[in-house]
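Subject: Structure for you to look at

Hello,

Please find the structure below. My notes on it follow, and you can read them with the model open beside you.

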Amino acid sequence: MTVTRDTLIDFIYDEARMLDEGNYTDWLNLWLPDGHYWMPLDYKQSDPINQTSLMYEDMFMLKLRVERLNGARTFSQKPKSRCHHVLQRPFVDEMEETRFVTTTFMHYVETRLDEQQLLAITARHDLALVDGALRIANKRVDIVNCDAAFRNIQLLP
Amino acid sequence: MGTYTDNPAALAALVEPHQVHRDIYTSQEVYLQEMKHLFANAWIFVGHESQTPNKGDYFSTQIGNQPVIQVRHSTGDIHVLLNRCPHKGTKIVIDRQGNTGKFFRCPYHAWSFKTDGCLLAIPLKKGYQDTGLEKTQSGNGMKAVGDVRNYRGFIFARLAEEGISFEDYFGESLTSLDNMVDRSPAGRLEVVGPPLRYLHHCNWKMLVENQTDTCHPMVAHESSAGTAVKLYEELGLPEDAPKPAAMEIIAPFMSAYEFFEDMGIRTWPNGHGHTGVSHSIHSDYSEIPGYLEAMTESYGAEKAKAILADNRHNTVYFPNIMIKGPIQQLRVFIPLAADKTIVESYIYRLVDAPDELTARTAMYNRMINAPTSIVGHDDLEMYERAQEGLMVDGLEWVNIQRLIEEDEDFETEAIENGTTERQMRNQFHAWVKFMTIAMDEKEAAE
Ligand code: FES
Ligand SMILES: [Fe+2]
């Protein structure tokens with residue numbers, strides 16, 4: 001397949017839709033096995049390992065996170081949360097033959113019971129073309145007010 | 001004014017040996033009394049010296065509901081000042097940290113103060129000539145807290161001018177802080193990055209009690225720790241294959257009741273105590289190459305081994321912090337209202353130890369204590385359900401009698417079964433003591 005800007009942009013929109021619809025099986029399949037979902041804690045943080053982040057999760061943790069959402073004794077998900085992404089058109093920042101980088105500004109809403117929170121986020125996707133399919137190599141999600149005190153963020157921005 | 005204000009008998013009646021009244025969690029009047037008495041008379045954690053390494057460096061935080069500034073004075077000492085201009089009340093610093101140079105300058109009318117709080121200058125000072133300004137509170141510069149102590153890098157303060165000394169207040173409990181600092185081959189810690197900040201709609205004491213609640217992990221955290229164990233088993237990895245990092249951190253939460261019973265709980269006077277006397281969920285972390293060697297070089301083989309063998313779980317320093325020595329974490333439970341608490345979770349780097357230790361500490365912090373943590377989510381859910389449940393009238397007491405004994409003496413150190421709620425009782429014993437200590441004295445003087 002030839003990857004065009006539109007292919008990349010569609011991919012980002014499709015991923016957000018999977019998250020909003022709770023289609024986690026397909027979502028996990030988008031990932032390369034050694035990928036990491038990183039949500040920094042500090043503004044412009046550069047080190048995910050030796051400093052606290054909100055999330056820095058490998059496939060094992062992401063599977064655990066997603067699997068837990070449906071558990072019989074997942075008390076914080078009774079009732080379940082719902083989420084909603086609104087995307088600006090993704091910027092395609094880098095385009096090589098098989099590696100691509102996009103940056104997307106989004107508003108993310110997560111809600112449960114009577115509470116609803118809005119997070120303004122910037123998502124950076126490192127994408128790779130592997131065996132004819134686009135996959136997520138890494139994803140970084142920066143929350144604009146990362147230094148604020150948050151309540152539970154239970155789904156995936 | 002109401003039922004509890006400056007009424008030692010009414011406040012003391014909220015605590016019985018085996019139960020506490022729900023007003024202790026739900027009453028805003030009790031909360032305000034805590035701010036006025038408990039957080040004034042006890043020694044409260046302020047910050048770490050590495051947050052203000054250079055002269056003029058400051059860090060703004062709070063003691064109870066009192067805004068304070070930790071600042072490195074020109075002499076190199078750390079001072080703790082109330083963050084309020086003595087002129088008209090403006091907070092002197094607003095940002096969380098920075099450097100103010102040789103003096104603070106209020107942004108409103110430019111009164112300036114040395115970094116120990118002394119009044120330095122007032123513009124157009126002649127306007128105060130012969131007005132007696134020096135005899136007012138405003139003429140005395142920025143107010144300092146009653147007493148400050150830097151213990152091995154950790155800054156504690158007592159708001160009250162008079163009161164219990166630092167040593168008498170903490171006593172033997174300082175061994176937990178010692179162990180955390182001693183784990184650095186240089187005997188020094190440095191703060192790493194900003195803390196996680198997590199907002200809970202519940203009373204701050206629920207979070208403190210949870211720190212030594214060893215009967216909840218396998219229940220409340222089954223969805224995270226139990227699922228982790230299940231996923232790992234499904235992977236069918238050989239025994240000797242490296243485990244996913246999550247397993248090392250999260251899986252021990254699923255340990256059986258016996259594990260927690262055997263690990264023991266120690267309590268000290270004045271509300272301090274810790275879980276994990278003989279072992280803990282931090283005991284079986286994998287070894288990190290080069291670390292034992294560095295420790296041995298600094299301390300000698302025997303002492304190095306002894307430091308690393310002491311794997312205390314959670315140490316509560318009454319009233320509102322918890323530290324984990326083996327992973328250099330400190331959590332502050334900041335009371336904002338009767339039903340509102342922010343938890344800040346800090347981590348520290350062991351100076352001269354391999355980076356992998358910091359990496360594990362950072363991993364623990366985000367996996368367990370972040371607002372995005374699948375473990376934290378269930379804890380918050382429990383606290384907030386309790387905060388709401390406590391509104392039920394006619395059932396107004398919270399039980400704390402697990403493994404209670406007759407005539408418990410909290411003024412002496414004790415080691416008990418690891419599932420006892422003695423530490424919760426110890427905290428409430430100290431709560432009454434420091435809530436009413438100044439009131440009782442006032443009464444006696446009258
Ligand atoms: S309020 Fe600070 S100088 Fe006036
Ligand atoms: Fe917990």
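A salt bridge here is a side-chain nitrogen of Lys or Arg within 4 Å of a carboxyl oxygen of Asp or Glu. By that rule, 6 salt bridges cross the interface of chain B and chain A. Please keep in mind that this is a predicted model.

The interface

How many residues does each chain bring to the contact? Chain B brings 46 residues and chain A brings 34 residues. Between them, about 3,400 Å² of area is buried, and carbon and sulfur atoms give 59% of that. On the side of chain B, R366(B), T372(B) and I374(B) lose the most area to chain A, and together they make up 20% of what that side buries.

There are also 21 residue pairs in polar contact between chain B and chain A, counting pairs with both residues at pLDDT 80 or more. Several elements of chain B each supply at least two residues to the side that touches chain A, including strand β14 (196-200), strand β20 (340-350) and helix α13 (355-369). Which element of chain B gives the most to that side? The answer is α8(B), with 9 residues. Sorted by class, the side of chain B that touches chain A has 26 nonpolar, 10 polar and 10 charged residues.

Salt bridges

Over all chains, the structure holds 29 salt bridges. Side chains of opposite charge can pair when their charged atoms come close. One salt bridge is formed by the side chains of E67(A) and K230(B), at 2.8 Å from N to O. This pair crosses between chains: E67(A) is in helix α3 of chain A, and K230(B) is in helix α8 of chain B. Another salt bridge joins the side chains of R96(B) and D147(A), with 4.0 Å from N to O.

Two sheets in chain B

One open sheet in chain B has 4 strands in the order β6-β5-β4-β7, with antiparallel pairing. Its edge strands are β6 (78-82) and β7 (97-99), each of which pairs on one side only. From one strand to the next, the twist averages 30°. Within this sheet, β4 (residues 57-63) and β5 (residues 66-72) of chain B are joined in the antiparallel sense over 6 bridges. One of the partners to look up is P67(B) in β5(B), which is the bridge partner of Q62(B).

Another open sheet in chain B has 3 strands, in the order β1-β2-β21, and the pairing is again antiparallel. Here the edge strands are β1 (15-16) and β21 (397-399), each pairing on one side only. Strand β1(B) runs antiparallel to β2 (residues 19-21) of chain B, and 2 bridges join them. E16(B) stands opposite Q19(B), which belongs to β2(B).

Backbone points to check

Most residues other than glycine have a negative phi, and most peptide bonds are trans. Where in the chains are the exceptions listed here? K78(A) and P79(A) are joined by a cis peptide bond, with omega about 0°. P79(A) lies in the loop between α3 (59-69) and β3 (82-87) of chain A. In chain B, a cis peptide bond joins F318(B) and P319(B), also with omega about 0°. The loop that holds P319(B) runs between β17 (315-317) and β18 (321-324) of chain B.

K44(A) is not a glycine, yet its phi is positive, at about 60°. K44(A) is in the loop between β1 (31-40) and β2 (53-57) of chain A.

Regards

Key. Residues are numbered from 1 along each chain as its sequence is written. Chains are lettered from A and ligands numbered from 1 in the order in which they are written. This is a predicted model: local features need pLDDT of at least 70, side-chain atom pairs count only at pLDDT 80 or more; totals for chains, interfaces and linings use all residues. Side-chain values use heavy atoms; hydrogens and water are left out. Contact means heavy atoms within 4.5 Å. Buried area is the accessible area (1.4 Å probe) that two parts lose on being put together, summed over both. A polar contact is a pair of N or O atoms within 3.5 Å; within protein, one must be able to donate a hydrogen and the other to accept it, and residues adjacent in sequence count only if both atoms are side-chain atoms. Ala, Val, Leu, Ile, Met, Phe, Trp, Tyr, Cys and Pro count as nonpolar, Asp, Glu, Lys and Arg as charged, and the others, Gly among them, as polar. Two strands pair if DSSP finds at least two bridges between them. Axes are lines fitted to C-alpha atoms, for helices over the stretch in contact, and angles run from 0 to 180 degrees between N-to-C directions.
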